Amino acid sequence: LNSAQLEVLKLLYRFRFASSDVIAQYFGKSSGVFVYKRLKILQEQGYIIKRFDSSYRIQGKPATYCLSPMGGRMLQEHEPPDVTINIKGLYKNKANSEAFVRHCIDMFIIHNQLKASYGGTLKFFTKSEIGIYDYFPQPLPDAYFRLTKPKQTDQFFINLCYSSQPFFTLVREVKKFIEYAELGDWDATGTNLPVMLLVCESYSLQKRLQKFIASALDSFDDEARFALTTQSVLLSGKSNIWQIADDPETVLTLDGIVESID
């Protein structure tokens with residue numbers, strides 16, 4: 001495989017699922033035609049799996065792609081010795097729900113927006129990449145990223161929150177993160193605990209979560225930090241979009257969130 005094909009395999013391992021348009025967006029192209037031939041060759045060789053049926057056409061949904069176990073083994077051959085590809089997890093790809101696929105693609109799109117906004121200062125790690133480290137919170141966030149600047153590095157966790165999710169599951173994840181912050185497991189890294197960013201499907205869900213988090217933080221110390229926005233606002237490309245959970249009247253940039261903590 002050439003380097004461009006291997007990069008597609010790496011992307012599908014990192015984000016689990018993608019459409020041709022989202023992959024093209026990653027490469028800075030306006031059309032999925034740019035990567036379609038690449039995907040077709042990888043599919044024919046058995047390295048990736050295409051998900052598409054007649055219902056997709058009716059709903060106007062694009063085909064989605066994921067890495068096959070064979071593709072995972074090929075990718076492992078080209079990775080450095082200290083990088084381990086979880087081949088076993090790839091066997092679950094065929095059985096994953098449409099909601100899971102949507103979640104993966106939405107996170108890929110969010111990554112692309114952050115990459116467009118922050119360029120080379122962004123270092124982004126998906127759930128597939130951080131799962132091997134025992135100091136990350138459980139359940140794992142959807143992603144962890146750093147913004148590296150001349151004098152400091154700002155760190156963030158990020159989770160997508162959907163209106164279709166039972167609210168108690170979102171509440172449980174918030175509580176677990178607060179408890180994790182209290183335990184201090186992140187201290188093993190020698191850095192400040194990353195801010196938890198919650199990207200909500202709707203503004204009504206954002207308000208509901210903000211209200212709960214503000215109340216929950218009253219019962220704990222101020223180690224855990226949350227900031228919220230909606231998917232549509234994040235994808236607008238604006239930077240001044242993050243509302244602090246216990247101060248919803250304040251809207252900040254990512255830089256501003258870190259400065260407000262310091």
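A polar contact is taken here as a pair of N or O atoms within 3.5 Å, in which, within protein, one atom must be able to donate a hydrogen and the other to accept it. In this predicted model, the side chain of D154 makes such a contact with the side chain of K149, at 2.6 Å. A polar contact at 2.5 Å also joins the side chain of D154 to that of Q152.

D154 lies in strand β5, which spans residues 153-161. Because its relative accessibility is 3%, and buried means under 20%, D154 counts as buried. When residues up to four places away in sequence are not counted, D154 touches F145, R146, L147, K149, D255 and V258.

Strand β5 belongs to an open sheet of seven strands with mixed pairing, in the order β3-β4-β5-β6-β7-β8-β9. The edges are formed by β3 (122-126) and β9 (247-252). Each of these has a single partner strand, so one side of each is left without a neighbour in the sheet. From one strand to the next, the twist averages 30°.

Terms used: Residues are numbered from 1 along each chain as its sequence is written. This is a predicted model: local features need pLDDT of at least 70, side-chain atom pairs count only at pLDDT 80 or more; totals for chains, interfaces and linings use all residues. Side-chain values use heavy atoms; hydrogens and water are left out. Helices (H or I, at least four residues) and strands (E, at least two) are DSSP runs, numbered from the N terminus. Buried means under 20% relative accessible area, exposed over 50%, partly exposed in between (1.4 Å probe, protein chains only). Contact means heavy atoms within 4.5 Å. Two strands pair if DSSP finds at least two bridges between them. Axes are lines fitted to C-alpha atoms, for helices over the stretch in contact, and angles run from 0 to 180 degrees between N-to-C directions.
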